[in-house]
Amino acid sequence: MLPEALELVVLAAAALVLALAFAPVPTSRRGLIAKGGAGLAGTAAVAAVPTFDLALLVLLALAVLHATIEGKRTLASRLRAPVFAVALLALGALFARVQGPDVVHRFAAVGLAAGLAAAIGLMPYLHPFDPEERITSSPIAWLAYIGPAVAAVMVADAHGLLNADTSAAFAATLIGLGLLNMAWGSIAAWLTENGGAAWRYSFIADWGLALSGFGVALTDGRRAALLIFFTILLGRLPLYFASRGEVRGRVATERPINLLVAAALAGSAPFAGFAARVLLLRGATQLFWPLALVLAAGMLLWLPSSLRLGRSLGVPRGRQAVGVALVLAINVAVGLYPLPLLAAARL
Amino acid sequence: MEVAGAFVAWLGIFVVVLADGRYGLALGTLLAAAGIAAVSLPIAGPTASAALAVGGLIASAGRLVAGPPGWTVMPAGSTPRLVLGVAGGLLALWVGLAVTSGSGAGLRFAVISMLSLAAARALSSDSGPVVLTAFGLLALAVGAAAGLSGPPHDGWPYLAAATVAAAAAWVPLRTPRAA
């Protein structure tokens, strides 16, 4: 198994444990264990299988399993995105494998990148989102829980399928998608009226950074992507989980804890998001310095949305307060000393 | 054999594109599975090819017992679907035979047409049985596409594809929770 993917599966397991330990009292822990555990097993299977085709088939099995969870969306609307994603990924793989002109192999790169975006939940209109839907059955499960490990596997496999020239095209497509999602996600998280939708868009913005990191294709880029995934799995996801009650009640508070949460979400120092951004900018500078300039400008867009999301958390009490404090502490620790996390993924 | 198999695979997915009723969807599944199994035979061998056929057969049986009753092939307003099926098939034929080269042209055509038309069918329908049928055929096409990766060919992708396709057809259809 790819060390990076293995680490992301472990981080997803840690996110599940956090959710179980600090979930609001009305949450069914038994249901959370069953659904979260099945998702984790499926993610681990995607990472563990030896070939790209098997990974796609496990992804399909995971999709149908996820679609059977009781929820507010129809089965058809939940299966549409994974079917489209796997079709694009499989067509990309096919075009990468066959003999033909260069343009066919470039289509392979585009197909693989677009399929990855669809699998994670970044395609507009393909992933209907209802803020009132449970996290386990909503597209957030793909964006924040299953997606990171799946993306690490797909990107590694895609580079294995493509030749040097088309690998560069794949990386460029990932950077383009990354910049698009950074802008779209962060502006929408800032300006959308619905608080739950704002959280969803903030995940999309984070994915923009991760895709850019993969696209930079240097060690610093991959390190940045890993740290962004860490902040999604053990930062934004648990905080979103904690904010769910407040999002429903539309309570916004401006206490010091809300500012701290906003700083963590915005990727300020000393949180893990800051280390990820520094690595990404360093990698982008090595690759093509104007890209670093664009990325730096894009990173400023996190500020207004993070302040909004921080306020939407309300004032956590009881076990939720402990959970939020623990999440912030973990993010500070990794932000100050990310080396063990990176070394475990052999980066 | 390869040409006939590729044509039957396209015909199967074409029927799925055109049908809304359970009999039509089941027939399309059966045809597509038989076709993709036939084109996979020279590359993957009899065991892997049989796995695809059996997976398709189970998926077809599952569709026969659940879904909207009747055939409902080409209901009123299905002209766009007819155009999609024919145009998609021609495009897949051009890409599989003329744009790309090498051995396994029939397999390329069958896989490209099944992947693209299954995805298009899933995107254009709000019916659970229809999307599940497209899902099953997509799984079979992904499994068969493993044959294009070059030797050695192991049977696992074919077996996994057959299992996913067969299981998807038996997924219970439920109505979404209101609140």
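This is a predicted model: local features need pLDDT of at least 70, side-chain atom pairs count only at pLDDT 80 or more; totals for chains, interfaces and linings use all residues.
Q: Why is the contact between D130(A) and K72(A) called a salt bridge?
A: The closest N and O atoms of D130(A) and K72(A) are 3.2 Å apart, and because a salt bridge requires a side-chain nitrogen of Lys or Arg within 4 Å of a carboxyl oxygen of Asp or Glu, the pair qualifies as one. The two partners lie 58 residues apart, D130(A) in the loop between α5 and α6 of chain A and K72(A) in the loop between α3 and α4 of that chain.

Q: Why is D130(A) called partly exposed?
A: Its relative accessibility is 24%, and since buried means under 20% and exposed over 50%, D130(A) falls in between and counts as partly exposed.

Q: What makes the pair R80(A) and D126(B) a link between chains?
A: Their side chains meet in a salt bridge at 2.6 Å, N to O, and the pair crosses from helix α4 of chain A to the loop between α5 and α6 of chain B.

Q: How do you know whether R80(A) and D126(B) are buried or exposed?
A: R80(A) has a relative accessible area of 15%, which is under the 20% limit, so R80(A) is buried; D126(B), with 65%, is over the 50% limit and is therefore exposed.

Q: Why are D220(A) and R223(A) separated by about one helical turn?
A: They are three residues apart in helix α9 of chain A, which accounts for that separation.

Key. Residues are numbered from 1 along each chain as its sequence is written. Chains are lettered from A and ligands numbered from 1 in the order in which they are written. Side-chain values use heavy atoms; hydrogens and water are left out. Helices (H or I, at least four residues) and strands (E, at least two) are DSSP runs, numbered from the N terminus. Buried means under 20% relative accessible area, exposed over 50%, partly exposed in between (1.4 Å probe, protein chains only).
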